[in-house]
Amino acid sequence: MIHTYKKQLFTLAIAATVFASCKVTKTYERPALKTAGLFREQTATDTTTLANTPWQTLFADPQLSALIQEGLDQNLDLKNAIQNIVQAQATLKQSKAAYFPTLSLDANYTRSKQSEAGLNFPPGININTLTNNFKAQLSTSWEADIWGKLSSTKRSALAGYLKSDATKRAVQTQLIADIANNYYNLLALDRQLEITQETLKSRIAGVETMKTLKEGAVVNGAAVVQSEASRYATEVTIPDLKRTIRETENALNILLSRAPGPISRSKLNDNSLSTDVKIGVPTQLLENRPDVQGAEYAFRGAFENTNLARTYFYPSLTITAAGGLSSLDIKDFFSKSIFYNLVGGLTQPIFNKGLNKQRLETAKSAQEQAMNSFQKTLLVAGQEVSNALYAYQTAVEKEEARAKQIAALEKSVNYTQELLRYSSATNYTDVLTSEQSLLAAQLSGVTDRLQKLQSVVNLYRALGGGWK
């Protein structure tokens with residue numbers, strides 16, 4: 001009997017080998033993507049990229065580095081992304097376990113009694129209608145991966161795991177950029193507040209000067225009133241600046257998973273970032289941008305799901321076995337009570353209401369959607385690099401022109417003030433205009449500096465920096 005089972009299983013194994021020679025699933029290859037011109041008006045072939053710079057090197061400010069490290073340790077969104085990896089890893093382990101046979105133990109005791117109603121037996125014959133059954137068995141089942149069903153399932157789970165890891169790295173790069181941008185925004189607000197407060201002191205002194213000049217009949221009362229109005233116009237902007245500073249501190253604390261509170265920081269003028277903004281070549285985004293990698297893993301998962309859907313059209317080979325002990329009397333449980341069965345068979349789907357066909361069409365459609373999302377993610381990445389690079393270039397252009405503008409306006413303020421004191425060639429309106437223009441230019445100069453810093457941060461993130 002056992003020899004017969006072995007022969008039958010051997011026959012099934014031969015059949016499985018023959019079937020397996022007919023390849024059903026396809027091997028993944030990265031699809032052709034549009035990468036030409038992703039970096040607008042950039043044709044460089046140098047593969048040196050800012051993305052390969054460690055964030056600890058890029059951000060030299062020790063206080064900013066400490067905040068970034070705290071964010072990486074405490075940020076709640078990042079912690080959730082890590083838990084997604086844990087879940088995806090469990091799914092991957094489960095798909096790998098499908099290669100092994102199942103094994104289960106079943107032990108039970110059954111006591112049954114038959115009904116005696118309607119049973120007419122001759123006198124003297126005693127029929128026992130009460131029976132006991134003691135049973136213990138091991139059973140196992142194993143499905144051969146003939147068409148690659150289990151392999152495709154495992155590769156799909158692996159793609160899901162890698163996608164969750166890429167998503168975590170994307171969260172990390174965005175977190176670093178958000179912390180740095182908020183930090184530099186705080187420094188810029190501090191500097192604008194400092195400039196405004198210095199200007200207010202100058203305006204207060206200017207009011208006293210106008211009063212003195214009025215007493216000397218150099219100016220009239222209108223000039224004094226205008227100087228007071230200018231003083232208050234400057235003073236009224238300070239509360240808004242302080243409010244914005246506090247709100248920015250609170251926003252940064254959220255990134256650090258802190259309660260609202262002050263942020264320790266340096267000065268804007270003490271901060272600078274690398275001016276060597278190498279962007280590499282567009283195809284490097286496929287390896288450096290975590291979200292682009294994640295989009296490819298999503299496509300790979302959809303590709304393997306299509307493979308899986310194809311395998312449902314073909315027969316499956318399943319081998320099941322069970323064996324154990326069974327007896328009507330406990331004293332005979334280990335004597336002549338052995339039983340077993342071994343079953344091997346192929347199951348070929350013939351008609352199942354079009355389920356397999358619809359499953360395949362759905363999988364193909366999902367794969368096409370994943371492909372479109374992959375291409376779009378890459379295009380968006382190229383757009384972000386182009387925008388950040390141009391923002392940096394325009395900030396550099398403005399910086400030099402702004403410095404000249406501020407220098408000229410400082411001279412203009414000094415000249416008009418001197419003319420007001422010692423001649424009638426000008427009036428206070430000219431002084432007021434030059435002072436207001438100077439303040440606006442100084443505040444804009446801070447904004448230019450902030451744009452330059454933040455454009456480097458955004459370019460660093462857009463290129464995929466921050467996770468290596």
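I sorted the lining of the largest cavity by class and got 5 nonpolar, 2 polar and 3 charged residues. Here Ala, Val, Leu, Ile, Met, Phe, Trp, Tyr, Cys and Pro count as nonpolar, Asp, Glu, Lys and Arg as charged, and the others, Gly among them, as polar. The model is predicted, with local features needing pLDDT of at least 70 and side-chain atom pairs pLDDT 80 or more, while totals for chains, interfaces and linings use all residues. Residues are numbered from 1 along each chain as its sequence is written, and side-chain values use heavy atoms, leaving out hydrogens and water.

My search of the whole structure found 1 cavity of 30 Å³ or more. The volume of the largest cavity is about 40 Å³. It has 10 lining residues, and Glu143, Trp147, Lys149, Pro315 and Ser316 are the closest to its centre. On a 1 Å grid over the protein atoms alone, a cavity is a set of points where a 1.4 Å probe fits but cannot get out; a pocket is an open set with protein on both sides within 12 Å along at least five of seven lines; lining residues have an atom within 4 Å of a point. Grid points are joined across faces, edges and corners, and a volume is the space filled by probe spheres set on the points.

I also looked up Asp145, which sits in the loop between β2 (130–144) and α5. Helices (H or I, at least four residues) and strands (E, at least two) are DSSP runs, numbered from the N terminus. The C-alpha atoms of Asp145 and Ser316 are 8.0 Å apart, though 171 residues separate the two along the chain. Asp145 is partly exposed, because its relative accessibility is 25% (buried is under 20% relative accessible area, exposed over 50%, partly exposed in between, with a 1.4 Å probe and protein chains only).

The largest pocket holds about 450 Å³. Among its 22 lining residues, Arg191, Ile195, Ile406, Gln442 and Val446 are the closest to the centre. Which helix gives the largest share of this lining? I found that α11 does, with 8 residues. At least two lining residues each come from α5 (149–215), α10 (355–422) and α11 (428–462). The lining has 8 nonpolar, 6 polar and 8 charged residues.

The second largest pocket has about 220 Å³ of space. Its lining includes Phe39, Arg40, Gln383 and Tyr390, and by class it has 3 nonpolar, 5 polar and 2 charged residues.

**Salt bridges.** I counted 20 salt bridges (a side-chain nitrogen of Lys or Arg within 4 Å of a carboxyl oxygen of Asp or Glu). One of them joins Glu287 to Arg30, with the closest N and O atoms 3.3 Å apart. Glu287 is in helix α8 (residues 285–288) and Arg30 in the loop between α1 (2–20) and α2 (55–58), so this pair ties together parts 257 residues apart in sequence.

Another salt bridge links Arg461 and Glu384, whose closest N and O atoms are 2.5 Å apart. Arg461 belongs to helix α11 and Glu384 to helix α10, so the pair ties together parts that are 77 residues apart in sequence. Is Arg461 buried or exposed? Arg461 counts as buried, at 16% relative accessibility, whereas Glu384 is partly exposed at 24%.
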